[in-house]
Each structure stands twice: as structure tokens, then as C-alpha cells.
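Have the model open while you read.

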Amino acid sequence: MADTNNDHLMIRLHVYDTDMSVKIPRHDEALYRNAASHITDTVNAYAAYYKESKSDKELLYMALIDIALKYERELKRNDTKPYDDAMRQLTTEIEGVIGESQE
């Protein structure tokens, strides 16, 4: 049985203006570092534009909405259910035609 401590790694991430320690699955380290960088870049972009008129909390929420919107668009783009349904319908029709021709 694998030692669960070896499966995880304690790393420090810099996210916008905060350094934080997080315990993560070892194989996801690059994903966590890229995510922290993406958050920082997004918040910095909003801060450059709105720093004088928005609080840090508002900037963080704006970045959160931006990232969540991209995530939702990606989920919608990768939705294969309509294709699966069309393939099922076509398969049923093809099987029906093949069955008729064999009779």
C-alpha cells in the first residue's frame, strides 16, 4: 500500500498579492502552479484597468467571474451529449434499415 504522504506535496503558491501553502497531489503540481499564475494574471489585468475605482475584493470577484465564465464556456463547448444523441438516432435508423433488408 502506497504511503499517502508520498502522494502529496506541500508547495507555496503566489496568488496575486498573497503567498499561501497548499498540500496538493504530487501529480497536479504543474496544474496548481499554472492556475495560480492564471489567477494572478487575470487579477492584475483588472487591477491595471480598475485599480483607482475598485477595491481588491471587487477585483478578485471580477477575476473569479472571468475565470468561471471561461470554464463554463469550455464545459459547454465540450458537451458531447447532442452528438451522442444524434449518433444513437442514426444508429437506430441504420439498424432498422439493415434489419428490413435482411428480411
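## Helix packing

At roughly what angle do the axes of helix α2 and helix α3 cross? In this predicted model, α2 (residues 29–50) and α3 (residues 56–77) cross at roughly 125 degrees, their axes coming within 9 Å. The crossing of α2 past α3 is right-handed.

On the α2 side, the contact (heavy atoms within 4.5 Å) uses His38, Ile39, Thr42, Val43, Tyr46, Ala47 and Tyr50. From α3 come Leu59, Leu60, Met62, Ala63, Asp66, Ile67 and Lys70. By class, that's 10 nonpolar, 2 polar and 2 charged residues.

## The largest pocket

The largest pocket has a volume of about 190 Å³. Its lining (residues with an atom within 4 Å of a pocket grid point) includes Val15, Tyr16, Asp17 and Thr18. Both α2 and α3 give two or more residues to this lining, and α3 has the largest share, with 5 residues. The lining splits into 9 nonpolar, 1 polar and 1 charged residues.

## Ground rules

Residues are numbered from 1 along each chain, and side-chain values use heavy atoms, leaving out hydrogens and water. Local features need pLDDT of at least 70 and side-chain atom pairs 80 or more, while totals for chains, interfaces and linings use all residues.

Conventions:
Axes are lines fitted to C-alpha atoms, for helices over the stretch in contact, and angles run from 0 to 180 degrees between N-to-C directions. Helices (H or I, at least four residues) and strands (E, at least two) are DSSP runs, numbered from the N terminus. A crossing is left-handed if the near helix is turned anticlockwise from the far one by less than a right angle, and right-handed if clockwise. Ala, Val, Leu, Ile, Met, Phe, Trp, Tyr, Cys and Pro count as nonpolar, Asp, Glu, Lys and Arg as charged, and the others, Gly among them, as polar. On a 1 Å grid over the protein atoms alone, a cavity is a set of points where a 1.4 Å probe fits but cannot get out, and a pocket is an open set with protein on both sides within 12 Å along at least five of seven lines; lining residues have an atom within 4 Å of a point. Grid points are joined across faces, edges and corners, and a volume is the space filled by probe spheres set on the points.
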